[in-house]
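I opened my notebook to look up a few things in this structure. Here is what I wrote down, entry by entry.

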Amino acid sequence: MTAQGGPDATSRGGPASLPGSRAQRRRDERTSALRSTLVAFLSTFVVFGVLVYIVVNSPGWPAVQASFFAPDIFWSSLPGIVAAFLVNIQLFLISEVLILALALVLAVARSSTAPVLFPVRLMATVYVDIFRALPGVLVIYILGFGIPGLNLPGVPTDPFLYAIVALTLIYSAYVSEVYRAGIASIHPSQTAAARSLGLSQPQALRYVVLPQAIRRVVPPLLNDFIGLQKDTVLVSYIGVVEIFRQSQIVEAGTFNFTPYLATALVFLVVTIPLARFTDWLVARQARRGGGASGAASQVASALGRSRGGQAAP
Amino acid sequence: MTGSAAAALQVEGLWKSFGPLDVLQGIDLEVAEHEVIALIGASGSGKSTLLRCINLLETIDEGRIFIEGEEITAKGVNVDRIRRRVGIVFQSFNLFPHMRVIDNVTLGPRKVLKRPASDAEADAMRLLERFGLAEKAGQLPDRLSGGQQQRVAIVRALAMQPDLLLLDEVTSALDPELVAEVLNVIRELAAGGMTMLIATHEMGFARDIANRVCFLDAGRILEQGPPAQIFAEPREARTRQFLTRIIEAGRL
């Protein structure tokens with residue numbers, strides 16, 4: 001292979017026609033990459049083509065097409081559906097803030113070790129057990145119909161309020177477990193280092209453990225919030241007119257299911273980018289080592305947290 | 001070395017077990033102010049546990065520990081107040097990875113000593129400068145080499161102005177070429193009169209720096225004395241055996 005005399009013969013500038021030369025290998029690689037792309041394209045085309053053919057030629061297709069794919073109903077219902085989606089966004093944003101706060105309190109309570117805090121630990125544990133065990137729809141039903149149904153003076157009846165409370169109660173239980181896993185993942189040597197400087201246990205938690213734990217669980221937290229975003233439709237059961245309720249209203253008026261397709265599209269448009277962002281964040285953490293320090297600082301910088309220069313206050 | 005004043009550190013009959021394993025079996029040790037003590041011995045002989053007990057990171061089973069005459073193992077003692085006076089540096093650095101170097105160093109002074117941030121930072125910068133780390137102040141720990149990280153950990157402990165500094169195999173996790181920079185820092189601290197208790201596998205360093213060397217074996221201080229005596233003519237067979245192995249491994 002490298003029989004040619006000069007030192008250059010074996011290096012980058014070697015004869016391009018020689019088998020095993022850099023140029024020859026490049027050509028081979030390009031050819032095989034082109035072939036792979038072509039094969040992938042063809043197989044995708046064939047598979048989807050067959051699927052579409054089966055669906056379009058099924059006996060019920062004309063009926064399904066009429067009731068799910070009616071362009072006029074799609075366009076006429078879309079503005080109302082998008083407007084109703086603003087209610088979902090409100091539900092999502094308000095309960096997300098409440099969930100983040102309540103879940104953190106629950107996680108810290110469950111992670112405490114002091115004997116005097118046993119009752120707090122017990123309550124937090126029971127809370128998490130209950131709200132993770134109950135189907136979300138039941139909690140929404142019980143709160144949304146049960147509490148206003150008591151007819152107590154001064155108790156609000158706005159279903160939007162109970163929707164927020166129910167979503168917060170349900171999701172706090174899940175999110176607190178995510179936080180708790182984050183807290184548990186911080187090596188005890190971090191707490192030891194903090195305590196050895198004279199920091200109290202709460203100070204060590206506040207300044208050393210929690211900041212690292214929270215940065216580490218940002219991707220799973222985002223994952224839970226994708227779930228929350230979708231579960232906002234559940235509150236339609238207690239009469240909040242949000243996107244799903246809105247599409248039901250249109251459906252009831254037109255006897256056509258196209259509004260549901262529009263709703264599905266709205267969720268896809270909003271949720272897929274968020275899911276991609278989460279995946280990107282996870283991949284980024286993994287790529288850069290994913291160690292304790294690595295993950296923490298990357299998530300911090302990914303979230304746009306700027307770092308000052310030299311010894312800035 | 002025991003003058004009329006109370007010793008910087010006094011350990012009396014200290015026992016500590018983890019489950020069925022007695023890690024410390026009656027340690028007696030007295031350290032005078034400005035004294036540098038090297039703790040040597042095989043892994044598992046109890047060096048690290050002894051240091052962690054002195055910093056109250058472990059509860060003890062039996063015995064008493066005094067710092068400048070005050071019993072720190074007494075019931076109801078405020079452990080956070082004790083820890084301010086005793087600094088510890090760990091084998092694995094244990095810097096806070098989410099904080100810049102300067103914030104690692106000033107966390108204790110700011111949150112425990114309640115010093116204003118500007119004062120704490122000025123002092124921290126002086127310390128970082130003294131150990132050649134000034135330009136690293138704004139960086140996160142994982143941008144630093146192991147030797148630099150360990151020097152930051154030492155500065156972090158010093159920032160609390162401890163009366164006593166405990167060093168737990170601080171060079172064991174470092175690449176060989178990074179060991180010297182950390183040892184030089186410790187030498188400088190010894191020259192400055194810092195009272196130190198150093199668990200180490202660096203026998204040459206122990207011989208150079210220590211006023212006294214304690215050989216730990218199975219949770220007891222089997223033999224102690226000036227480095228010249230311990231390394232040249234150890235009295236105990238176990239000490240001789242340990243040192244022979246070290247010499248065979250080319251570490252002395």
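Predicted model: local features only at pLDDT ≥ 70, side-chain atom pairs only at ≥ 80, totals over all residues.

Entry 1: Then I asked myself: is A:Phe255 buried or exposed? A:Phe255 has a relative accessible area of 73%, so I put it down as exposed. I found A:Phe255 in the loop between α10 (243–254) and α11 (258–287) of chain A.

**Entry 2: a loop residue in chain B.** I looked up B:Asn94 next, another non-glycine residue with a positive phi, this one near 55 degrees. B:Asn94 sits in the loop between β6 (86–89) and α3 (101–111) of chain B. With a relative accessible area of 6%, B:Asn94 is buried.

**Entry 3: chain A as a whole.** What is chain A built from: helices or strands? I counted 12 helices and zero strands. Chain A has 313 residues, and buried ones make up 38% of them. I also checked the contacts in chain A with a separation of 6 or more, and 70% of these come from residues 24 or more positions apart.

**Entry 4: one serine inside.** I picked A:Ser176, which lies in helix α6 (residues 159–185) of chain A. A:Ser176 has 1% relative accessibility, so it counts as buried. Which residues does A:Ser176 contact, leaving aside neighbours within four places in sequence? My list reads A:Ala103, A:Leu106, A:Ala107 and A:Val128. I also saw a polar atom of the A:Ser176 side chain 3.0 Å from the backbone oxygen of A:Ala173.

**Entry 5: a helix in chain B.** I moved on to helix α1 (residues 47–54) of chain B, where six of the eight residues are buried, so the helix is largely enclosed by the rest of the structure. The buried ones are B:Lys47, B:Thr49, B:Leu50, B:Leu51, B:Cys53 and B:Ile54. Just after α1(B) comes B:Leu56, with a positive phi of about 60 degrees.

I followed B:Ile54 a bit further. The largest nonpolar core has 42 residues, and B:Ile54 is among those that touch the most other members, along with B:Leu9, B:Ile27, B:Leu29, B:Leu39 and B:Leu197. Not counting residues up to four places away in sequence, B:Ile54 touches B:Leu9, B:Val11, B:Ile65, B:Ile72, B:Leu164, B:Leu166 and B:Leu197.

**Entry 6: where the chains meet.** How many residues of chain A are in contact with chain B? I got 27 residues of chain A, against 31 residues of chain B. The two chains bury about 2,400 Å² between them, with 59% of it on carbon and sulfur atoms. I found one salt bridge between chain A and chain B. It joins B:Asp80 and A:Arg195, whose closest N and O atoms are 3.1 Å apart. On the side of chain A that touches chain B, the elements giving two or more residues are α7 (188–196), α8 (201–216) and α12 (292–302). The most comes from α7(A), with seven residues. By class, I noted 11 nonpolar, 13 polar and three charged residues on that side of chain A.

Technical notes:
Residues numbered from 1 in each chain as written. Chains lettered and ligands numbered in written order. Heavy atoms only, no water. Contact = heavy atoms within 4.5 Å. Buried area = accessible area lost by both parts, 1.4 Å probe. Salt bridge = Lys/Arg side-chain N within 4 Å of Asp/Glu carboxyl O. Helix = DSSP H or I, 4+ residues; strand = E, 2+ residues; numbered from the N terminus. Nonpolar A, V, L, I, M, F, W, Y, C, P; charged D, E, K, R; others polar. Buried < 20%, exposed > 50% of the residue type's maximum accessible area, 1.4 Å probe, protein only. Core = buried A, V, L, I, M, F, W, Y, C linked by side-chain atoms within 4.5 Å. Polar contact = N/O pair within 3.5 Å; in protein donor to acceptor, adjacent residues only side chain to side chain.
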